[in-house]
Amino acid sequence: SGGRMWLIRAWINGEIEPSERFKQILFSCVTCRNCVEACALPKIKDKLVDIFIAARQDLVDQGNIPPAVRDYLKAMTVNGNPFKMPQEQRGAWAQGLGIERYENQEYLFYAGDVGSYDELGMKMARSTARLLLSAGISFGILAEEEMSDGNDVRAVGEKGLADYLAQTNVEACKSRGVKKIITLSPHGYNAFRNEYPAFGGQFEVYHYTQILNSLLKDRLNTGRYEKKVTYHDPCYLGRWNQEYFAPRRLLGSIAGLRLVEMDRTMNNALCCGGGGGNFFTDILGTGPDLSSRARVREALDTGAEIIAVACPQCYKMLDDAVKDEGVQDNIRVADIASILLEAATKSGPV
């Protein structure tokens, strides 16, 4: 991060041009906020990620961005999602579960782009919805009327599009009388919680692990699960929003489950490498030095059989990294809702 700051200052002072390498360095920031935790300069530390995003914004405004970022933003503008999938398919993940459209239920369940279109994200959305249904939570979905949360669009520096998505989502929620929202992704949680109030979106926002945690006492059958599990903190749930407790409490509530921590954990956790739009732009590329692969090696060092995740982007990044490391026989990635479902199913009906 110190290197990026020097580069940005040199660029602002006209000492360097925004070369392809400069743009690669600037857009490879995964907005994980680890630099904020590690920085020794109190006056500047909280502004570091904002500075990186503002510099990206200038490059986006000039149209001077890497091709991968341009492709991502084009897909978002044309299709409304980075997977270039039809908007009509946004609610397809919920087929066969008996989930109703939002109409005066207590909560809106917001699946987001990855939960709606990515194979692992859809699996995670289904597991979470099944748990909410089994616990008798009153919720509905917007299906094809849901829009992208815009969190990563903003992180990439496309403020205009992010503002538009925020306004559209706020209007859609307010016109339906939505007061409480459960998000699948920490990225959506961050946008609804921290960005949307500026657009008139005053909602009660919960990440799905927080809601499930509140149900532990009397409405959630946590069952039994004889496995050793390590938990990977998502940056947008942990460092961005200081939620370290709910996911761990959920895992800790399962009989037989042994929760073991990695060396880097909570506010010091290693990022999966998918934040700041990198999940979609893949600017970090491939190779053993990727943080996702380093994270899998850290997980292996704990002796865990499962890496528990609470974010659909982390799920995909770490699942790919397990394959790239060739350790599928030693460890697997599973989201917390799926683990809870598996544990409950083994010890009786959910």
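Trainee: How many cavities of 30 Å³ or more does the count come to?

Mentor: This is a predicted model, and what follows is computed from it. A cavity here is a set of grid points where a 1.4 Å probe fits but cannot get out, and with a cut-off of 30 Å³ or more the count comes to two.

Trainee: Which helix gives the most to the lining of the largest cavity?

Mentor: The largest cavity, with a volume of about 130 Å³, is lined by 18 residues, and the closest to its centre are D113, V114, D149, F280 and Q313. At least two residues of this lining come from each of α6 (67-79), α7 (112-117), α9 (151-156) and α16 (312-325). Among these helices, the one that gives the most, with four residues, is α7.

Trainee: Of the residues that line the second largest cavity, which are the closest to its centre?

Mentor: The second largest cavity holds about 80 Å³ of space. Its lining divides into eight nonpolar residues, five polar and one charged. Of the 14 residues that line this cavity, the closest to its centre are H187, C235, C272, G275 and C314.

Trainee: Which residues does L212 touch, not counting residues up to four places away in sequence?

Mentor: L212 belongs to the largest nonpolar core, which has 77 residues, and is listed with W93, Y208, I336 and I339 as having the most contacts inside it. When residues up to four places away in sequence are not counted, L212 touches L131, L132, L220, L250 and L340.

Trainee: How many residues does the second, separate core have?

Mentor: This core includes F22, L26, C29 and L59.

Conventions:
Residues numbered from 1 in each chain as written. Predicted model: local features only at pLDDT ≥ 70, side-chain atom pairs only at ≥ 80, totals over all residues. Heavy atoms only, no water. 1 Å grid on protein atoms, 1.4 Å probe; cavity = no way out; pocket = protein on both sides within 12 Å on 5 of 7 lines; lining within 4 Å. Points joined across faces, edges and corners; volume = space filled by probe spheres on them. Nonpolar A, V, L, I, M, F, W, Y, C, P; charged D, E, K, R; others polar. Core = buried A, V, L, I, M, F, W, Y, C linked by side-chain atoms within 4.5 Å. Buried < 20%, exposed > 50% of the residue type's maximum accessible area, 1.4 Å probe, protein only. Contact = heavy atoms within 4.5 Å.
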